[in-house]
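Reader: I have a sequence and a model to look at. Please show me how to read some features.

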Amino acid sequence: MEKRSYDKELIRSRLRFPEVFGREDVELRRVSGGFQALCPFHGERTPSFMVYEDHGHCFGCGWHGDIFKFWQDARGVDFSTAVEQLAGLCDVYPSPEAAEWKRRKVKVYEGKKGSKERPIEKPLYPALRKLRTEEINKLGALRGLNPLALRFAAEEDKRVGFCEWPQWHQKRSNQWVIADDADGSWVVTDQERRVLQYRRLSGHPYKIKRGDSVSETKAWTKGSPKWPIGAAEIGDRSSVLLVEGGADMLAAYHFLYGFGMLDKVAVVAILGSSVRIAEDALPFFRSKRVRVIIDADPAKPGAKALKAGAPRCLEKPFAEDGMPIIPEGWKVPSIEAAKRWQGQLTEAGAAVETFSLYGLDTAANQRVGDLNDLAHCEADVISDADVADAFFCWDF
């Protein structure tokens with residue numbers, strides 16, 4: 001029998017996801033940006049399935065897909081059958097296959113002429129490879145993030161890879177030597193490769209030996225943390241979600257994937273709250289709308305406060321509303337970073353807004369400290385208008 005093809009985009013335009021989802025006789029409740037319902041793919045009492053105009057996502061079991069995937073999984077049919085059945089629902093008849101879409105190549109900015117800042121040199125690093133499926137699943141379980149979103153970050157945007165680390169470069173032989181305590185590590189970077197950050201897939205810290213002393217670090221950075229990962233790949237997307245740290249970068253993919261915004265919002269990460277954005281990265285943000293995520297950090301004493309005998313941390317660092325208590329001479333690293341980056345980006349021609357994570361709690365009643373922690377919140381917290389708009393609303 002001759003295989004029939006259909007204009008899938010025409011089917012999408014005639015059948016919105018809420019209409020298809022509604023055929024399963026599941027009650028929908030309107031929330032910010034869409035609807036909320038009990039997930040049809042796993043048993044639950046609290047609704048965690050979000051229904052949007054063009055897709056659905058479950059923050060409970062991680063299911064994600066459009067009308068075609070939903071019809072496949074809900075009705076137990078293959079893809080071609082799902083397309084044909086949905087076409088029948090909206091009177092779309094067989095047509096020639098649409099042309100294949102190809103991703104636009106990104107032009108890389110070479111640097112700001114006449115800048116006093118020295119250009120960032122690319123660090124020397126050992127070869128990276130793609131994360132395997134089992135490694136993506138392990139990373140997802142470790143960070144509490146959707147493996148499908150991590151796969152997109154790894155395979156589509158090439159933001160995360162795999163490497164045995166630590167390794168040491170021998171200049172004489174020009175080879176990398178794997179350390180005795182090396183372990184499988186996930187590495188965040190971008191196609192510019194000006195900075196890389198390593199973390200163990202086991203979740204354990206690295207041990208660093210200096211003489212007779214041994215210290216620990218959860219992340220190992222090669223290159224300059226001033227370079228914002230993903231800046232050169234913003235492209236023609238008008239919106240940018242700017243986060244601090246590699247784990248929060250993956251969390252940004254998790255949420256934007258869940259809300260169906262990855263094709264509209266670029267993810268950019270800076271690997272350190274104490275740095276300024278590199279000058280040669282600033283032009284990539286011109287005319288963009290940038291939202292800076294402010295981690296819920298406690299205040300830290302400045303040099304003068306420490307000299308005056310101030311403790312290194314407060315016994316009660318947060319007020320009842322979740323905001324930080326800031327004594328005189330103390331500063332909050334995340335807030336200071338947001339101010340610094342906002343000033344730089346505004347001067348570079350971007351519209352900048354901030355979103356604070358203060359005052360939120362996880363499902364385990366732990367204080368949310370960063371964007372990765374937000375992934376451990378109940379679905380009603382994530383779907384709350386104020387939180388959802390951080391990923392949805394870019395009209396500022």
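Predicted model: local features only at pLDDT ≥ 70, side-chain atom pairs only at ≥ 80, totals over all residues.

Reader: How many salt bridges does the structure hold?

Author: A salt bridge is a side-chain nitrogen of Lys or Arg within 4 Å of a carboxyl oxygen of Asp or Glu. The structure holds 14. One of them joins Lys69 and Asp73, at 2.8 Å from N to O. These two are 4 residues apart in helix H3 (residues 67-75), so about one helical turn separates them. Helices (H or I, at least four residues) and strands (E, at least two) are DSSP runs, numbered from the N terminus.

Reader: Which parts does the pair Arg200 and Asp183 tie together?

Author: Their side chains meet in a salt bridge at 3.8 Å, N to O. Arg200 lies in strand S8 (residues 195-200) and Asp183 in strand S7, so the pair ties together parts 17 residues apart in sequence.

Reader: Is Arg200 buried or exposed?

Author: Buried means under 20% relative accessible area, exposed over 50%, and partly exposed in between (1.4 Å probe, protein chains only). Arg200 counts as buried because its relative accessibility is 11%. Asp183 is partly exposed, at 27%.

Reader: What should I look for in the backbone?

Author: Look at omega and phi. The peptide bond from Trp165 to Pro166 is cis, with omega near 10°. Pro166 lies in strand S6 (residues 160-170). Asn174 is not a glycine, yet its phi is positive, near 55°. Asn174 sits in the loop between S6 and strand S7 (175-188). Asn174 is exposed, at 57% relative accessibility.

Reader: Which residues does Phe392 contact, leaving aside neighbours within four places in sequence?

Author: Contact means heavy atoms within 4.5 Å. Phe392 touches Gly33, Tyr52, Phe259 and Met261. Phe392 lies in helix H12.

Reader: Which residues form the negative surface patch?

Author: Patches are made of residues with over 30% relative accessible area and no salt bridge; like charges are joined within 9 Å, nonpolar side chains (Val, Leu, Ile, Met, Phe, Trp, Tyr) within 5 Å. Here Glu378, Asp380, Asp384, Asp386 and Asp389 form the negative patch. Asp384 is in the loop between helix H11 (379-382) and helix H12 (385-392).

Conventions:
Residues numbered from 1 in each chain as written. Heavy atoms only, no water. Areas by Shrake-Rupley, 256 points an atom, 1.4 Å probe, with all protein chains shown as cover. Lys, Arg positive; Asp, Glu negative; His and termini not counted. Charge placed at Lys NZ, Arg CZ, Asp CG, Glu CD.
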